Amino acid sequence: MKGETILTVDDIHCGYDGVPVIHGLSLTVMEGEIVAMVGGNGAGKSTTMRTIAGLMHPTAGRITFKNDDITRIPAHRIVSMGLSYVPEARRLFSKLSVRQNLEMGAYTTRDRAEINARLDRVFDLFPILKDRANQIAETMSGGEQQMCAIARGLMSAPRLIMLDELSLGLQPSLVDKVLETVVEIRNSGVTVLLVEQLVQESLEIADRGYVIQTGAIVHAGSSSELLASPEVRKAYMGM
Amino acid sequence: MNPTGFFRRFGWPVLLVILAALPIVGIVGEGFLSHVLILVLLNAAMAQAWNIIGGYGGQVSFGHSVFFGIGAYGAAYAVCVSETTPWPGVLIGALLAALVAILVSYPCFKLKGHYFAIATFAIVEIFNRLFMIWDWVGGAVGLDYTILEDGWKNFTWSVDKRGYYYGILIIFALVFSLVRWISRSRAGYYLRAIREGQETAESLGVNSTGMKLAAMALSAFLAALCGAFYAQYNFRVDPPMVMSLDMSMKFVLVTILGGIGTFRGPLLGAIVLVPLQEYSRAYLSRLGSGVDLIIFGLIIVLMMEFQPGGIMGIIQHYSDSKKRTSRRRGVTEASS
């Protein structure tokens, strides 16, 4: 069920140390969608995600989330507004247990009963994490760590979750499994903005997609349109 | 309950009771051993105060002698200039140190990695030079105590060291208990999360700047209490004595030797380093000045080369290998 616009990125420009990386990028995400942002290495996908998450700020342009302007709002406040970001390479707190990692994700609430309820929800989604709850995060396999990272992102009870390069460092069979859980997350009522280098796999589960190249959107449309586009197929799927 | 479980649960209160009993059984009173024990507790408290931000928070500060010095000057100023008891100076000094910590740390926290550490080096030099030329606090000469009546009112004991011992034991217990509580609280997890990945912590909603400032302020407050004790114990302060890179290094090295970011590390580091430093200074100083510092430096270099986790790292290593051996033995017995 697709609803109203939940996220609008309007003509943003940003970069690192004065070097521009994103040049006038715009996109929208509707409530209840899975939107995939795909592109090659160094295209600016993660920079866009970091900018939306408030970890860096654009030099121009505007970002609105649920009609609130979040362009200049710091990351820790954006999370409490209902936007969660799962960074690439998992970045778990390696020395903390799975449960402690997950509870870190619930930073925005102090209510113990609410935290436990959220834990139950993510354990329903990722039963393996319940078995591994007291295990130190770094001792888990790559796939389990990725699930833990996604679950941690869900612990803030977000309206929109941004997942950055879920497939990074995972074997192909695990990639499929992780992408299946993305669909389950959407089905549970959380909107998903997905960034991936695996163009075909991510577009197959998404409703819409954006193709990003050298810091700008070069193609946009429904997933089926993008999957059928000869340009996209040639450039990103080697077909 | 096995011995490990008992130690984990009751080790800390038992240790405090044993330390409190030392003067009663005559181990602490007058003499060199009492002096060494006092310095062990002082250095352990200093290192643990530093451990809050340097160990748990992962922000390696070389600027803690500034806060230590402000605490020392607070107490000394109250006694030497205002001619009151040291207590108001102790409180004002500690609060001032926390405030200075917030003011100087805020811009420094914008820096990452080694740049933060380098900035804190510079802050020590700035404060050292300021206090050197500041006549209001005695300039380069510093402040010398006048003779005060012995007792808790003046926090002064001229011969018997038991008063000082109990004084530093209270500070030691306060600092360690606070850190024990923090390390098990949500704040402790947040600090460790910031240490492991500041950006990730922020993306989960942690206000990393706020957390680090709070940790630095508490760390500075406790360091200042240690500084006030140091001034009272030595009956004088001057900038090289309390506000120098040498003093800052003590905060860092004791923690690193014992085990950075661990609860027991600062005490273990002080137990090894302080007696070594004091006894080598007492017995080897005739070989030339700085022999104690050579030994001190050599231990740190060896530790960094072979066990960066410090003494706690060695303990953990043996504990892990013991567990592995017993697990293997269990598997072998089960299969046979």
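I began with helix 5 of chain B and listed its buried residues as Phe116(B), Ala117(B), Ala119(B), Thr120(B), Ile123(B), Val124(B), Phe127(B), Asn128(B) and Phe131(B), where buried means under 20% relative accessible area with a 1.4 Å probe and protein chains only. I kept in mind that this is a predicted model, in which local features need pLDDT of at least 70, side-chain atom pairs count only at pLDDT 80 or more, and totals for chains, interfaces and linings use all residues. Residues are numbered from 1 along each chain as its sequence is written, chains are lettered from A in the order in which they are written, and side-chain values use heavy atoms, without hydrogens and water.

I then looked up what covers these buried residues, and found that the cover includes helix 3 (64–80), helix 4 (87–108), helix 9 (208–234), helix 10 (239–242) and helix 11 (245–258) of chain B, with contact meaning heavy atoms within 4.5 Å.

I checked the length of helix 5 (residues 114–133): at 1.5 Å a residue its 20 residues should span 28 Å, and the end C-alpha atoms are 30 Å apart, which agrees; the expected span is 1.5 Å times one less than the number of residues.

Turning to the whole chain, I noted 14 helices and two strands in chain B, taken as DSSP runs (helices H or I, at least four residues; strands E, at least two). Of its 336 residues, 52% count as buried. Along the principal axes, the C-alpha trace of chain B spans about 80 × 50 × 40 Å.

Last, I recorded that residues 24 or more positions apart account for 76% of the contacts in chain B with a separation of 6 or more.

Notes. Buried < 20%, exposed > 50% of the residue type's maximum accessible area, 1.4 Å probe, protein only.
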